[in-house]
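Let's take a walk through a protein model together. Keep the structure open as you read, and try to find each spot as we get to it.

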Amino acid sequence: DLGPMPCDMLWQTLGLELEEGRVLFSGAAQLHAERRHPQDFPKCLPHAASVVTTPLYVGDDLRNPGKIECVSRVPAIGSAVLVAVNLEADVNGCYHVTSIYPIKYKIVQARLEKGHLKHCK
């Protein structure tokens, strides 16, 4: 359990109207992320909750409809961390993380310039 979905901020920043709910990062999703990013997963995992609940930037995951990207700078690992979250709540009203990985600052900047990411309000 990573904490509450930041619904008010998502409404103000992206115009997304979501029901209140918790954000969960299941064991299966953690295993998937660890397999895809074995070197980076252990560095990113401790920051997952803060990236989701108080992101610096958010955006629509254009390659994966129905998901958002929450991004924050994490100086401790020398990059930003991206957490992808499903926008559709499950039957219990919970949202689910699908992946987590580091993202270079220059990529974050490029996505901001293209409008794919927005500063959180």
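What we have here is a predicted model. Let's begin with aromatic rings: searching the whole structure turns up one aromatic pair. The partners are F25 and F41, arranged edge-to-face, with 6.4 Å from centre to centre and 70° between the planes. That angle counts as edge-to-face because it is over 60 degrees.

Where do F25 and F41 sit in the chain? F25 belongs to the loop between strand 2 and helix 2 (27-36), while F41 is in helix 3 (residues 41-44). They are 16 residues apart, and the pair links distant parts of the chain.

R73 lies over the face of Y105, 4.5 Å from the ring centre.

Seven of them form an open sheet with mixed pairing, and their order is 1-2-6-5-4-3-7. Strand 1 and strand 7 are at the edges with a single partner strand each, so one side of each has no neighbour in the sheet. As a bit of background, strands of a sheet pair through backbone hydrogen bonds, and they can do this either parallel or antiparallel.

Let's zoom in on strand 3 (residues 57-60). With strand 4 (residues 67-74) it pairs in the antiparallel sense, over four bridges. Here you'll find D60 opposite I68, and G59 opposite E69. Strand 3 also runs antiparallel to strand 7 (residues 117-119), and three bridges join these two. On that side, Y57 stands opposite H119.

What lies across this part of the sheet? Helix 1 (residues 7-14) does: it lies across strand 3, strand 4 and strand 7, running at about 65° to strand 3.

## Salt bridges

How many salt bridges does a search of the whole structure find? The count is three. The general idea is simple: side chains of opposite charge can pair when their charged atoms come close.

Take R111 and E69, which form a salt bridge with their closest N and O atoms 3.2 Å apart. R111 is in helix 5 (residues 105-114) and E69 is in strand 4, 42 residues apart, so this pair links distant parts of the chain. R111 counts as buried because its relative accessible area is 19%, and the cut-off for buried is under 20%. E69 is buried as well, at 4% relative accessibility.

Next come R22 and D1, whose side chains meet in a salt bridge at 3.2 Å, N to O. R22 is in strand 2 (residues 22-24) and D1 is in the segment before strand 1 (3-4), so the pair ties together parts that are 21 residues apart in sequence. R22 is partly exposed, with a relative accessible area of 38%, whereas D1 is exposed, at 59%.

One more to find: K43 forms a salt bridge with D40, and their closest N and O atoms are 3.5 Å apart. K43 is partly exposed, with a relative accessible area of 43%. D40 is partly exposed too, at 24%.

Note on methods: Residues are numbered from 1 along each chain as its sequence is written. This is a predicted model: local features need pLDDT of at least 70, side-chain atom pairs count only at pLDDT 80 or more; totals for chains, interfaces and linings use all residues. Side-chain values use heavy atoms; hydrogens and water are left out. Two strands pair if DSSP finds at least two bridges between them. A salt bridge is a side-chain nitrogen of Lys or Arg within 4 Å of a carboxyl oxygen of Asp or Glu. Buried means under 20% relative accessible area, exposed over 50%, partly exposed in between (1.4 Å probe, protein chains only). Rings of Phe, Tyr and Trp (its six-membered ring) pair if their centres lie within 6.5 Å; planes under 30 degrees apart count as stacked, over 60 as edge-to-face and the rest as tilted. A charge sits over a ring if NZ of Lys or CZ of Arg is within 6 Å of the ring centre and within 35 degrees of the ring normal. Contact means heavy atoms within 4.5 Å. Axes are lines fitted to C-alpha atoms, for helices over the stretch in contact, and angles run from 0 to 180 degrees between N-to-C directions.
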